[in-house]
Amino acid sequence: MNKEAKLPNLDKCSATSKRVTPDNSAQIIKKTKKHKSDEDKLTSSSDSDAEKRKSANRKYAKASYLRKKEATEGLKHDVQILKEQNTRLKKEQMVLISQVEYLREKILYFPGNFIQPYR
């Protein structure tokens with residue numbers, strides 16, 4: 001029975017050591033104040049870091065927008081040049097096709113008028 005009587009006393013000791021005394025509460029308050037001030041420092045620096053990141057992102061987005069706009073304008077100019085070249089080549093192709101058709105008809109209807117290649 002002595003062993004059983006000692007166990008409850010140990011539990012009471014551990015419970016009393018966990019109790020908050022006025023000295024312990026002052027230490028806890030100091031620790032939490034110190035911890036909060038550290039969080040405030042981190043928060044203010046993280047806020048400034050966040051603002052720096054936002055500013056950098058805005059600059060990058062603006063530069064990207066300007067690059068995209070310039071590239072788009074350049075491509076529009078290239079497309080316009082290629083369309084003009086395409087219409088010019090189509091006209092040239094139509095002229096060549098008509099010349100080929102004319103020469104084919106001339107060969108079919110008037111075969112003796114052409115110079116024969118040297119044999």
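Leu108, Tyr109 and Phe110 make up a nonpolar patch on the surface of the predicted model. Together, the three residues have about 420 Å² of accessible area. Phe110 lies in the segment after helix H2, which spans residues 22-109. The relative accessibility of Phe110 is 48%. Exposed residues must be over 50%, so Phe110 counts as partly exposed.

Charged side chains were examined next. Side chains of opposite charge can pair when their charged atoms come close. A search of the whole structure finds one salt bridge. The side chains of Arg88 and Glu92 meet in a salt bridge, with an N to O distance of 3.9 Å. Both residues belong to helix H2. Arg88 and Glu92 are four residues apart there, so about one helical turn separates them.

The accessibility of the two partners was also computed. Arg88 has a relative accessibility of 45% and therefore counts as partly exposed. Glu92 has a relative accessible area of 40%, so Glu92 is partly exposed as well.

The protein chain has an average pLDDT of 76. A score of at least 70 is reached by 55% of the residues. Over residues 4-16, pLDDT stays under 50. For residues 4-16, the model has zero contacts beyond four places in sequence.

Conventions. Residues are numbered from 1 along each chain as its sequence is written. This is a predicted model: local features need pLDDT of at least 70, side-chain atom pairs count only at pLDDT 80 or more; totals for chains, interfaces and linings use all residues. Side-chain values use heavy atoms; hydrogens and water are left out. pLDDT is the predictor's confidence in each residue, from 0 to 100. Contact means heavy atoms within 4.5 Å. Patches are made of residues with over 30% relative accessible area and no salt bridge: like charges are joined within 9 Å, nonpolar side chains (Val, Leu, Ile, Met, Phe, Trp, Tyr) within 5 Å. Accessible areas come from the Shrake-Rupley method with a 1.4 Å probe; for residues, only the protein chains shown count as cover. A salt bridge is a side-chain nitrogen of Lys or Arg within 4 Å of a carboxyl oxygen of Asp or Glu. Helices (H or I, at least four residues) and strands (E, at least two) are DSSP runs, numbered from the N terminus. Buried means under 20% relative accessible area, exposed over 50%, partly exposed in between (1.4 Å probe, protein chains only).
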